[in-house]
Structures are given as structure tokens and as C-alpha cells.
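Let's walk through this protein together, starting with its rings and then moving on to its helices. Have a look at the model before reading on.

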Amino acid sequence: MTTASSLRERARALTLEELAGIAWLDVLEPAKRTRAEVALVVAEAEVGELVCRIGRPATYWFGVIDGLLKMSNDSALGTPITFTGVPPGAWFGEGTLLMREAYRYNIEALRTSLVAGLPTATFYELLETSIPFNRYVLNQINERLGQFIAAREIDRITDPDSRVARSLAALFHPVLYPGVGSLLRITQQELGYLVGLSRQRVNQALQALQAQQLIRIEYGGLRVLDLDGLQRRMRQSG
């Protein structure tokens, strides 16, 4: 497994197209946006590579330009638990940075992924000087808290269809994951890794959700047809 330090060694500046896909840059004043764009770097994480590792100090605020990551606990200490998937457009780790503590979770690439990083010094500088950036980060934390509370409630349910519905609703969160839109590029095997189910059982759950006209299974991904309905399906299971 490649180390996080080698990610830094492979880092490069972002292209204009990659910068255009970062939503929070749009809230910054022109001078601060330029400062952030210069500081941002991106690297390609290979399958199974850890972007963040439990116990390591936080050095970047990370975001997914392309690909799919998962946030999980340390399986060596007990039952493996996946907290959430991290799709394109997502930025994560702000809570760890604000607390100035080491990571309490692992972030692993489920497929080859482009991961961007904003150095902590620039992150703190923006927090101290930009009110719009502060509001963006606070909104992120608030939305993520609600997501984790919902995840904890659904994790107590053994019904596989409900678990798949919850995971999909979380992955299509419009605030936390604005880069997803209505179509998520994900395989049934990858969704199985996130939910903790076999690919065959995930397929059965997806077929049931498709029959309810909540999603549509497409080549290479899933399209949500009714996000509100998917969220209601999730809540009713509780």
C-alpha cells in the first residue's frame, strides 16, 4: 500500500478545469481565491491507498476531484465500520483541522481517484480572513453532523434494502457532494464495500429501488430519479 507521503511527492498544480469544479472557491473574494488556487495541489490515489490514516496529523483539507473514497474505522481494533462514501465534489477533514488533532478515521481510495489538498496554513488563513469561507465550512460541518446521525440510526437496521437506500441518499447529498448531480459513477461492488453487503445483495436492493422508480440503474452508475422519495424510504425504515 502506498503511503500518504508519496501522495505529496506525486502532487501537482490543478488545471483550470479541475479548479472550476471546486464549489467553495466561488465564495472567496478574488484575491483570496487566487491565493487558494496557488496553494491547492492534486495527486492520483491508487486503489487501496490511504489518503488519511488514523493517528496521523492533518496537513491538508482534502477534496475529491474524481473517483470514490470511503471513510472507515481501524478494522484491526474491532468490527470494520464504513462511515460514509466520499464521491466527487466532496471536501472533508475540516472537523479534524478545526480541532487541530490527529485523524480518527481512515480515508481509502476504492478506485483510482484524483484527490486535491489545501495546505492547513492556507485553510487557517482563510478561516481567519474570509467570512464567506467560514460560513461554507460551518455549513459543511452542520450537514455532515446530520448525515452521521442519520447513518447511526440506519446502521441499527438489518434490512439490506434500507441500508442501500441510506447509502445512496447520503452519496447524493446536494450540499456535501455537489459534484455528483443526479448520476453517480459507482459499481455495485463498490457500493457493496460501502454498505457492507455482497454485490449480489446490493443488486437485489437496487432492483427493488428501481421498481419503486426511485433510481435507475445505468451503465457504469446509478441515477437518482426521486431523491426526496429515496430519503423518505430511508426514514420509513427507521
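How many aromatic pairs does a search of the whole structure find? The search finds 11 of them, where rings of Phe, Tyr and Trp (its six-membered ring) pair if their centres lie within 6.5 Å. Planes under 30 degrees apart count as stacked, over 60 as edge-to-face and the rest as tilted. One of the pairs is formed by Trp24 and Trp91, which is edge-to-face, with 5.4 Å from centre to centre and 90° between the planes. This pair links distant parts of the chain, 67 residues apart: Trp24 sits in the loop between α2 (16-20) and α3 (30-39), and Trp91 in strand β6 (residues 91-92). Both Trp24 and Trp91 are buried, meaning under 20% relative accessible area, whereas exposed is over 50% and partly exposed lies in between (1.4 Å probe, protein chains only).

A word on what you are viewing. This is a predicted model, in which local features need pLDDT of at least 70 and side-chain atom pairs count only at pLDDT 80 or more, while totals for chains, interfaces and linings use all residues. Residues are numbered from 1 along each chain as its sequence is written, and side-chain values use heavy atoms, with hydrogens and water left out.

Back to the rings: Trp24 and Trp91 belong to a cluster that ring pairs build together with Trp61, Phe123, Tyr124 and Phe133. Tyr124 also has Arg100 over its face, at 3.9 Å from the ring centre; for this, NZ of Lys or CZ of Arg must be within 6 Å of the ring centre and within 35 degrees of the ring normal.

Now for the helices. The protein chain has 10 helices and 11 strands, taken as DSSP runs (helices are H or I, at least four residues; strands are E, at least two) and numbered from the N terminus. Helix α7 (residues 160-171) has 12 residues and should span 16 Å at 1.5 Å a residue, which agrees with the 17 Å between its end C-alpha atoms; the expected span is 1.5 Å times one less than the number of residues. In α7, 12 of 12 residues are buried, including Asp161, Arg163 and Arg166.

Helix α8 (residues 188-195) is mostly covered too, with 6 of its 8 residues buried, among them Gln188, Glu190 and Leu191. Its cover includes α7, α9 (199-211) and β10 (215-218). Just after α8, Gly196 takes a positive phi of about 85°.

Across the 238 residues of the protein chain, 48% count as buried.

How values were computed: Contact = heavy atoms within 4.5 Å.
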